[in-house]
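Dear colleague,

Please find below the structure that I am handing over to you.

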Amino acid sequence: MTDIPEGVERRAFDGRERLATRGETVYGEPRDEEGWRAWDAGRSKLGAMLELGMDTGLVGGESVLYLGAASGTTVSHVADFAGPTYAVEFAARPVRDLLGVAEDRENLFPLLKDARKPETYAHVVESDLDCIVQDVATRGQADVAVRNRRFLGDDGRLLAAVKARSEDVVADPEDVFEAFLEDLRESYEVLETERLDRFHEDHLGVVARPK
């Protein structure tokens with residue numbers, strides 16, 4: 001099993017060991033007396049990537065751009081162990097929840113923006129980031145990753161969860177994933193891929209670094 005980042009531990013909840021970060025509860029997840037809260041891999045693609053032992057390169061304390069933050073389920077865990085965390089979400093309703101999550105996390109910066117248009121938040125997000133986490137339910141997921149490449153440092157990592165049904169509801173997911181990887185290779189070197197079906201049907205986890 002690949003090492004998990006500092007600030008993430010395996011803790012016992014309800015008699016079984018689960019990933020956990022230390023912070024305020026966000027989505028009704030169990031929390032122990034020491035302030036560790038369970039990280040539900042069934043509700044988090046990045047959590048699933050860590051549970052499956054993918055080599056994310058995360059060690060803790062990273063600067064992060066999170067694309068597709070929604071109401072803050074996963075990005076709240078990221079902010080618990082990372083450094084400055086910029087959370088981009090396009091829909092206004094979940095951003096209201098995300099603002100509440102950020103109240104308990106001084107390093108979490110919600111942005112009501114479209115991940116397909118990084119020029120609209122380039123003046124806010126710092127450059128040479130350590131990591132981009134991408135979980136966007138939109139067509140053109142590879143294009144989103146390529147467009148946001150500008151924010152990553154040379155040794156940074158892209159951690160993407162590719163949703164086949166967001167690209168094409170009828171195509172074979174394997175064909176969708178192959179097309180994504182082909183487009184991604186314009187700007188990234190793909191280091192690792194793994195299907196996330198144990199936790200998220202028809203999703204592919206991808207670890208890549210900028211070319």
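Strands β1 and β2 (residues 16-22) pair in the antiparallel sense, and six bridges join them. Within this pairing, valine 8 stands opposite threonine 21 in β2. Please note that the model is a predicted one.

These strands belong to an open sheet of three, ordered β1-β2-β3, with antiparallel pairing. Its edge strands are β1 (8-13) and β3 (36-38), each of which pairs on one side only. Ignoring direction, neighbouring strands of this sheet are turned by 50° against each other on average.

There is also an open sheet of seven strands, in which the pairing is mixed and the order is β6-β5-β4-β7-β8-β10-β9. Because β6 (108-112) and β9 stand at the edges with a single partner strand each, one side of each is left without a neighbour in the sheet. From one strand to the next, the twist averages 15°. At one end of the order, β9 and β10 pair in the antiparallel sense over seven bridges. Tyrosine 188 has proline 210, in β10, as its bridge partner. As for β6, helix α3 (residues 92-103) lies across this strand and β5 (85-89), and α3 runs at about 165° to β6.

The remaining findings concern helix α6.

Helix α6 covers residues 173-184, which makes 12 residues. From its first C-alpha to its last it reaches 16 Å, close to the 16 Å expected at 1.5 Å a residue. Aspartate 172 caps the N-terminal end of this helix, with a side-chain oxygen 2.7 Å from the backbone nitrogen of glutamate 174.

Which residues of α6 are buried? They are Pro173, Val176, Phe177, Phe180, Leu181 and Leu184. Why do these residues lie on the same side of α6? They cover an arc of only 130° around the axis, and therefore share one side of the helix. In general, an α-helix has 3.6 residues a turn, so residues three or four places apart point the same way. The face of α6 turned away from the buried side carries the exposed residues Asp175 and Glu182.

The buried residues of α6 pack against several elements: the helices α4 (141-147) and α5 (164-167), and the strands β8 (152-163), β9 (188-195) and β10 (203-210).

With kind regards

Conventions. Residues are numbered from 1 along each chain as its sequence is written. This is a predicted model: local features need pLDDT of at least 70, side-chain atom pairs count only at pLDDT 80 or more; totals for chains, interfaces and linings use all residues. Side-chain values use heavy atoms; hydrogens and water are left out. Helices (H or I, at least four residues) and strands (E, at least two) are DSSP runs, numbered from the N terminus. The expected span of a helix is 1.5 Å times one less than its number of residues. Buried means under 20% relative accessible area, exposed over 50%, partly exposed in between (1.4 Å probe, protein chains only). The arc is that of the directions from the helix axis to the C-beta atoms. Contact means heavy atoms within 4.5 Å. A polar contact is a pair of N or O atoms within 3.5 Å; within protein, one must be able to donate a hydrogen and the other to accept it, and residues adjacent in sequence count only if both atoms are side-chain atoms. Two strands pair if DSSP finds at least two bridges between them. Axes are lines fitted to C-alpha atoms, for helices over the stretch in contact, and angles run from 0 to 180 degrees between N-to-C directions.
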